[in-house]
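This report is for a reader who is meeting the structure for the first time. Please look over the sequence and the model below before reading on.

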Amino acid sequence: MFKNSFDIDGVIFMDKFDGVYPSKNDIIITGRSKEEQPETEAMLKSKGITNNVYYNSTPFDQKTRESSGRHKGQTLFYLEQSGMRFGIHYEDDPIQAEIIRKMMPHINVVLLQHNLVEKENVRHYFKSSETDQMDLDLF
């Protein structure tokens, strides 16, 4: 059975608009760094999304669009080596989409084209009843 993979920013999260959500068996591969996990998990939970999330191990201040694309391609490769199969990866960044296509040419990369979110490295903060210590920024 094929799974699909989803980016967060520009796919699931489109600033003030709802984006494209994964089904229960799909996964999320984000360019967001592991240090962004608390606010990311809070945002996903607020949307009712509980899928597995694979974070970028590159520190926030060192990641680029290119390194995020390589992270996504490498993660897809690793997960396929462990037995998963993917039909589609949903992406909004054309630079990252091209890198993923080159690394994993058998996976369909669906590019969502819009200007609703920044493509460059932006830190997001989310405030909910469980994360009152975080500042409200874009969410």
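## Helix 1 and its surroundings

The buried residues of helix 1 pack against strand 2, strand 4 and strand 5. Here a contact means heavy atoms within 4.5 Å, and buried means under 20% relative accessible area, with exposed over 50% and partly exposed in between (1.4 Å probe, protein chains only). Helices (H or I, at least four residues) and strands (E, at least two) are DSSP runs, numbered from the N terminus. Helix 1 covers residues 37–46, and its buried residues are Glu-39, Thr-40, Ala-42, Met-43 and Leu-44. Gly-48 follows helix 1 and has a positive phi, near 75°.

## Basis of the model

This is a predicted model, in which local features need pLDDT of at least 70, side-chain atom pairs count only at pLDDT 80 or more, and totals for chains, interfaces and linings use all residues. Residues are numbered from 1 along each chain as its sequence is written, and side-chain values use heavy atoms, with hydrogens and water left out.

## The chain as a whole

The chain contains 3 helices and 7 strands. Along the sequence their order is β-β-β-β-α-β-α-β-α-β.

Of the 139 residues in the chain, 47% are buried. Among contacts with a separation of 6 or more, 61% are between residues 24 or more positions apart.

## Helix 2

Helix 2 runs over residues 65–81, which is 17 residues. From its first C-alpha to its last it reaches 24 Å, close to the expected 24 Å at 1.5 Å a residue; the expected span is 1.5 Å times one less than the number of residues. Just after helix 2, Gly-83 has a positive phi of about 115°.

The buried residues of helix 2 are Arg-65, Ser-67, Ser-68, Gly-69, His-71, Lys-72, Gly-73, Thr-75, Leu-76, Leu-79 and Glu-80. The elements covering them include strand 1 (3–6), strand 4 (27–33), strand 5 (53–56), strand 6 (86–91) and helix 3 (94–103).

## Helix 2 against helix 3

Helix 2 and helix 3 pack at an angle of about 35°, and their axes are 8 Å apart. Axes are lines fitted to C-alpha atoms, for helices over the stretch in contact, and angles run from 0 to 180 degrees between N-to-C directions. The crossing of the two helices is right-handed; a crossing is right-handed if the near helix is turned clockwise from the far one by less than a right angle, and left-handed if anticlockwise.

On the helix 2 side, the contact is made by Arg-65, Glu-66, Ser-68, Gly-69, Arg-70, Lys-72, Gly-73, Gln-74 and Leu-76. Helix 3 contributes Pro-94, Ile-95, Gln-96, Ile-99, Ile-100 and Met-103. By class, this contact has 6 nonpolar, 5 polar and 4 charged residues. In this count Ala, Val, Leu, Ile, Met, Phe, Trp, Tyr, Cys and Pro are nonpolar, Asp, Glu, Lys and Arg are charged, and the others, Gly among them, are polar.

## Salt bridges

How many salt bridges does the count come to? The count is 6, where a salt bridge is a side-chain nitrogen of Lys or Arg within 4 Å of a carboxyl oxygen of Asp or Glu. One of them joins the side chains of Asp-7 and Lys-72, at 3.0 Å from N to O. Asp-7 lies in the loop between strand 1 and strand 2 and Lys-72 in helix 2, so this pair ties together parts 65 residues apart in sequence. Both Asp-7 and Lys-72 are buried.

Lys-72 also forms a salt bridge with Glu-91, with the closest N and O atoms 2.9 Å apart. This pair links helix 2, where Lys-72 lies, to strand 6, where Glu-91 lies, 19 residues apart. Lys-72 and Glu-91 are both buried, and Asp-7, Lys-72 and Glu-91 are linked in a network of salt bridges. Another salt bridge is formed by Arg-65 and Asp-93, whose closest N and O atoms are 2.8 Å apart. Arg-65 lies in helix 2 and Asp-93 in the loop between strand 6 and helix 3, so the pair ties together parts 28 residues apart in sequence. Arg-65 is buried at 17% relative accessibility, and Asp-93 is buried with a relative accessible area of 1%.

Asp-15 is in the loop between strand 2 (13–14) and strand 3 (17–18). Its phi is positive, about 60°, although Asp-15 is not a glycine. Most residues other than glycine have a negative phi. Asp-15 is partly exposed, with a relative accessible area of 33%.

Val-109 belongs to strand 7 (residues 108–111) and is buried at 11% relative accessibility. Leaving out residues up to four places away in sequence, Val-109 touches His-89, Glu-91, Ala-97, Ile-100 and Arg-101. The C-alpha atoms of Val-109 and Phe-6 are separated by 9.9 Å, and the two residues are 103 residues apart along the chain.
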